[in-house]
Amino acid sequence: MCSLSDSVTLHPIPPPAFGRGEAGLLYSFASFSLQRFLVEKKTQQHYGREIYMEHYVAGWKGLIKLLNSLGSVFGFISKDAASKTQILMNFLDSKNGSEYATVQSMVKFELDNELVDVNKKGIYPESGCRTLLRLHRALRWLELFLDRLRTSKEDDKTSVMCREAYNESLAHHHPFMIRKAAGLAFYSLPGRPGFLEVMNVGSPEQVVAMLGEAVPLISEVYTITEELYQKHNLLDLP
Ligand SMILES: CCCCCCCC/C=C\CCCCCCCC(=O)N[C@@H](COP(=O)(O)O)[C@H](O)/C=C/CCCCCCCCCCCCC
């Protein structure tokens with residue numbers, strides 16, 4: 001990846017023209033969290049891709065709010081997600097805050113300064129890298145779930161979409177008791193029409209259009225993070 005200081009011309013990609021209610025916070029993942037800069041440099045042309053922590057965290061906060069509105073049965077899930085976003089926010093607000101401006105700078109800073117428990121839990125059980133990894137795995141669930149929702153038919157069940165997405169992603173990282181509790185909570189999800197309403201985006205057609213733009217961008221944020229973590233052997237942090 002090129003450094004921004006090497007760049008000659010920067011063209012931020014404009015945010016898509018949708019977004020109402022809490023679901024509008026998908027913005028944060030979909031565009032603001034991912035600043036994609038086309039960098040023109042003499043004969044070379046390539047993309048530099050940075051994920052902004054502030055917007056990544058804001059995206060999760062919006063989703064957590066939405067999850068809370070679905071009922072207390074999801075409380076144990078939203079509590080965990082909220083405590084992880086809070087850990088990242090605390091890093092951003094700390095004296096080293098500027099090192100946490102992007103996911104890329106956080107990884108570099110924590111690894112350079114040996115602030116990550118790499119093989120087993122030790123003195124850094126709540127490092128930024130480890131904490132973000134848990135949310136990153138959940139982002140894969142979100143991508144799979146929203147893509148199912150986007151392509152679903154009127155009488156498809158959100159609980160089934162949610163369970164399938166969970167089994168393909170997060171479930172691989174959860175022990176039996178958590179899988180069981182999550183599985184039970186999924187039964188409480190409203191049906192597809194009710195769920196689309198809670199999203200507060202507009203008509204079902206508008207939701208589908210919004211998801212058509214958001215899902216590929218969520219997927220891009222996921223892929224960039226996955227490649228970064230893979231490159232530094234961080235995908236199995238305890
Ligand atoms: C506009 C879009 C509408 C979609 C609405 C989706 C709202 C989703 C909001 C939050 C998603 C949940 C994020 C969960 C993060 C879980 C991180 C995790 O894996 N934590 C476990 C490991 O942590 P450590 O112990 O290693 O620190 C932790 O053990 C987990 C505890 C809680 C259970 C997590 C179950 C996750 C199920 C995900 C499906 C959420 C169902 C939402 C239904 C719409």
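User: How many helices and strands are there in the protein chain?

Analyst: In this predicted model, the protein chain has nine helices and three strands. Read from the N terminus, the elements follow the order β-α-β-β-α-α-α-α-α-α-α-α. Of the 238 residues, 30% count as buried.

User: Why are H2 and H3 called roughly antiparallel?

Analyst: The angle at which H2 and H3 pack is about 155°. Angles over 145 degrees count as roughly antiparallel, and H2 and H3 are therefore described in that way. Their axes are 10 Å apart, and the crossing of H2 past H3 is left-handed. Residues of H2 that make the contact include Val57, Trp60 and Ile64, while those of H3 include Ala81, Thr85 and Leu88.

User: What makes Phe186 buried, exposed or partly exposed?

Analyst: Phe186 has 19 other C-beta atoms within 10 Å. A buried residue needs 20 or more, and an exposed one has 12 or fewer; Phe186 is therefore partly exposed. Phe186 belongs to helix H7, which covers residues 176–186.

User: Which residues does Phe186 touch, not counting residues up to four places away in sequence?

Analyst: Phe186 touches Ser159, Cys162 and Arg163. By contrast, 25 Å separates the C-alpha atoms of Phe186 and Ala209, although these residues are 23 apart along the chain.

User: How do you know on which side of H4 its buried residues lie?

Analyst: The buried residues of H4 are Val103, Met106, Val107 and Glu110. Because they cover an arc of only 100° around the axis, they are on the same side of H4. As a general rule, an α-helix has 3.6 residues a turn, so residues three or four places apart point the same way. Just after H4, Glu114 has a positive phi of about 50°.

User: Which residues have the most contacts inside the largest nonpolar core?

Analyst: Val103, Phe145, Leu146 and Ile218 have the most contacts inside this core, which has 44 residues. Among the elements that give two or more residues to the core are helix H4 (103–112), helix H5 (128–151) and helix H9 (204–231). Leaving aside neighbours within four places in sequence, Leu146 is in contact with Leu211, Ala214, Val215 and Ile218.

User: How much of the contact pattern joins residues at least 24 apart?

Analyst: Among contacts between residues at least 6 apart in sequence, 69% join residues at least 24 apart.

Terms used
Residues numbered from 1 in each chain as written. Predicted model: local features only at pLDDT ≥ 70, side-chain atom pairs only at ≥ 80, totals over all residues. Core = buried A, V, L, I, M, F, W, Y, C linked by C-beta atoms within 7 Å. Helix = DSSP H or I, 4+ residues; strand = E, 2+ residues; numbered from the N terminus. Contact = placed C-beta atoms within 7 Å. Arc of directions from axis to C-beta. Axes fitted to C-alpha atoms, helices over the stretch in contact; angles between N-to-C directions. Parallel < 35°, antiparallel > 145°, perpendicular 65-115°, else oblique. Left-handed = near helix turned anticlockwise from the far one by under 90°.
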